[in-house]
Amino acid sequence: MIDKLEMFDSNLDRLEELNKNKFSSFDFKEVNQQLEVVLGQIVSIINIDQEKNLSSDEQAFLEKILSKIEKLELKILPKA
């Protein structure tokens with residue numbers, strides 16, 4: 001699960017870089033598609049292992065990702 005979270009986090013970093021550079025619809029769609037795929041995999045893992053509790057590392061990583069998403073939203077939303 002951590003590897004999927006790291007992949008998701010990496011794609012969020014890429015989205016942040018896209019936000020800093022000149023907007024590219026193609027690049028944005030590509031990153032968005034990758035985020036959707038990884039998020040689907042994470043949701044699938046969680047649904048399969050519903051009885052399993054997240055480890056403290058997984059929980060901390062999820063909190064980091066949620067924080068990053070909120071910050072990106074504040075940066076990107078005004079441009080939309």
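Helix axes here are lines fitted to C-alpha atoms over the stretch in contact, with angles running from 0 to 180 degrees between N-to-C directions. The model is predicted.

View 1. The protein chain has three helices and zero strands. Its C-alpha trace spans about 45 × 20 × 20 Å along the principal axes. Helix α1 covers residues 2–20 and helix α2 covers residues 25–48. Helix α3 covers residues 56–76.

**View 2. Helix α1 crosses helix α2 at roughly 160°.** The two axes come within 9 Å. Angles over 145 degrees count as roughly antiparallel, so α1 is roughly antiparallel to α2. The crossing of α1 past α2 is left-handed.

**View 3. Side by side: the residues joining α1 and α2.** From α1 come K4, L5, M7, F8, N11, L12, R14, L15 and L18. They meet D27, F28, E30, V31, Q34, L35, V38, L39, Q41, I42 and I45 of α2. By class, the contact of α1 with α2 holds 13 nonpolar, three polar and four charged residues.

**View 4. Helix α1 packs with helix α3 at about 15°.** Their axes lie 10 Å apart. Angles under 35 degrees count as roughly parallel, and α1 and α3 are therefore roughly parallel to each other. Here too a left-handed crossing is found, with α1 passing α3.

**View 5. The residues joining α1 and α3.** On the α1 side, the contact uses I2, L5, E6, F8, D9, L12, D13, L15, E16 and N19. On the α3 side are D57, E58, F61, L62, K64, I65, K68, I69, L72, K75 and I76. This contact of α1 with α3 divides into eleven nonpolar, one polar and nine charged residues. L5, F8, L12 and L15 of α1 are listed in the contact with α2 and also in the contact with α3.

**View 6. K64 sits over the ring of F61.** K64 lies over the face of F61, 5.3 Å from the ring centre. Both residues belong to the α3 side of the contact with α1. Aromatic pairs number zero in the structure.

Technical notes
Residues are numbered from 1 along each chain as its sequence is written. This is a predicted model: local features need pLDDT of at least 70, side-chain atom pairs count only at pLDDT 80 or more; totals for chains, interfaces and linings use all residues. Side-chain values use heavy atoms; hydrogens and water are left out. Rings of Phe, Tyr and Trp (its six-membered ring) pair if their centres lie within 6.5 Å; planes under 30 degrees apart count as stacked, over 60 as edge-to-face and the rest as tilted. A charge sits over a ring if NZ of Lys or CZ of Arg is within 6 Å of the ring centre and within 35 degrees of the ring normal. Helices (H or I, at least four residues) and strands (E, at least two) are DSSP runs, numbered from the N terminus. Angles under 35 degrees count as roughly parallel, over 145 as roughly antiparallel, 65 to 115 as roughly perpendicular and the rest as oblique. A crossing is left-handed if the near helix is turned anticlockwise from the far one by less than a right angle, and right-handed if clockwise. Contact means heavy atoms within 4.5 Å. Ala, Val, Leu, Ile, Met, Phe, Trp, Tyr, Cys and Pro count as nonpolar, Asp, Glu, Lys and Arg as charged, and the others, Gly among them, as polar.
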